[in-house]
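Take a look at the model below.

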Amino acid sequence: MEIKDLKRLARYNPEKMAKIPVFQSERMLYDLYALLPGQAQKVHVHEDSDKVYYALEGEVVVRVGEEEALLAPGMAAFAPAGAPHGVRNESASPALLLVVTAPKP
């Protein structure tokens, strides 16, 4: 059994959003995204993979398709395969997200 402490894995990069692998298999990715204020994941598409963003700390604006919403701790957003998606931190505080992508792109 593999167990990881997500808070200990979290690290922020002043240059760009940090994507921190936690678990991965042939079928999925399970990552942390660490965003400092002003950082973003550019909007992109996975044609054959779904993605879920779950806010652990801080707040981010999530975009799925043409819609945007604020994610606060405890909130999750689903980006289905084929939908443009991304996140950005417009707040004054760091944000930490748990992100699951399946099947692995």
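With which side chain does the side chain of K51 make a polar contact? Its partner is the side chain of H44, at 3.4 Å. Keep in mind as you read that this is a predicted model.

## A lysine tucked inside

You'll find K51 in strand β4, which covers residues 50–57. K51 is buried, yet it has no salt bridge. The nearest side chain of opposite charge belongs to D31, and that one is 7.0 Å away.

Who else is around? Leaving aside neighbours within four places in sequence, K51 is in contact with several residues, including Y33, H46, F78, H85 and V100.

## The five-stranded sheet

Strand β4 belongs to an open sheet of 5 strands, in the order β1-β2-β9-β4-β7, with antiparallel pairing. At the edges sit β1 (18–24) and β7 (76–79), each pairing on one side only. On average, neighbouring strands here are turned by 20° against each other, ignoring direction.

Zoom in on β1 and you'll see 6 bridges joining it to β2 (residues 29–35).

## The four-stranded sheet

There's also an open sheet of 4 strands, ordered β3-β8-β5-β6 and again antiparallel. Its edge strands, β3 (40–44) and β6 (67–71), each have a single partner strand, so one side of each is left without a neighbour in the sheet.

For β6, a pairing strand is β5 (residues 60–64), joined to it by 5 bridges. Across this pair, V61 stands opposite L70.

Notes
Residues numbered from 1 in each chain as written. Predicted model: local features only at pLDDT ≥ 70, side-chain atom pairs only at ≥ 80, totals over all residues. Heavy atoms only, no water. Helix = DSSP H or I, 4+ residues; strand = E, 2+ residues; numbered from the N terminus. Buried < 20%, exposed > 50% of the residue type's maximum accessible area, 1.4 Å probe, protein only. Lys, Arg positive; Asp, Glu negative; His and termini not counted. Salt bridge = Lys/Arg side-chain N within 4 Å of Asp/Glu carboxyl O. Polar contact = N/O pair within 3.5 Å; in protein donor to acceptor, adjacent residues only side chain to side chain. Contact = heavy atoms within 4.5 Å. Pairing = 2+ DSSP bridges. Axes fitted to C-alpha atoms, helices over the stretch in contact; angles between N-to-C directions.
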